[in-house]
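Reader: I would like a close look at one part of this model. Please take me through the charged pairs, then the rings.

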Amino acid sequence: MLGGLALLAGVAPLAGCAFNGPAYRGPVSDHFDGERFFNPGVAVRDKSLLDVLAWRLSSDPQPWERRSVTPAQPPARVADGSIRAT
């Protein structure tokens, strides 16, 4: 529990500091209201600090699964006028 609180205490002072980039300024569209982007038709409310604390303290982290490495393949030749995307 204290680890989560220490993490939040360490991050909270960074809000609004020089590490944040400038806010995006652009035209209003069907998925941008002038201040933030959103998914049309999906109602999402902003999370409070209490919501974040509750999520962090109740989460059950699981170990990552091992990944298999795929060996690299040499690129195949493409005929003139053809397109290949990888």
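**Salt bridges and ring pairs**

Author: The count comes to 2 salt bridges (a side-chain nitrogen of Lys or Arg within 4 Å of a carboxyl oxygen of Asp or Glu). This is a predicted model, where local features need pLDDT of at least 70, side-chain atom pairs count only at pLDDT 80 or more, and totals for chains, interfaces and linings use all residues. Residues are numbered from 1 along each chain as its sequence is written, and side-chain values use heavy atoms, with hydrogens and water left out.

Take Arg36 and Asp46. They form a salt bridge, with the closest N and O atoms 2.9 Å apart. Both residues sit in the loop between helix 1 (2-11) and helix 2 (49-58), 10 residues apart, and the pair links distant parts of the chain. Helices here are DSSP runs (H or I, at least four residues), numbered from the N terminus. Arg36 is partly exposed at 46% relative accessibility. Asp46 is exposed at 54%. The cut-offs: buried is under 20% relative accessible area, exposed over 50%, partly exposed in between (1.4 Å probe, protein chains only).

Next, Arg45 bridges to Asp51, with the closest N and O atoms 3.0 Å apart. Arg45 is exposed at 53%. Asp51 is partly exposed at 25%.

Now the rings. The whole structure holds 3 aromatic pairs (Phe, Tyr and Trp rings, the six-membered one for Trp, with centres within 6.5 Å; planes under 30 degrees apart are stacked, over 60 edge-to-face, the rest tilted). Tyr24 and Phe32 have ring centres 5.2 Å apart and planes at 75°, so they are edge-to-face. Phe32 is buried at 2%. Phe32 and Phe37 have centres 4.5 Å apart and planes at 35°, so that pair is tilted. Ring pairs link Tyr24, Phe32 and Phe37 into a cluster.

Technical notes: Helix = DSSP H or I, 4+ residues; strand = E, 2+ residues; numbered from the N terminus.
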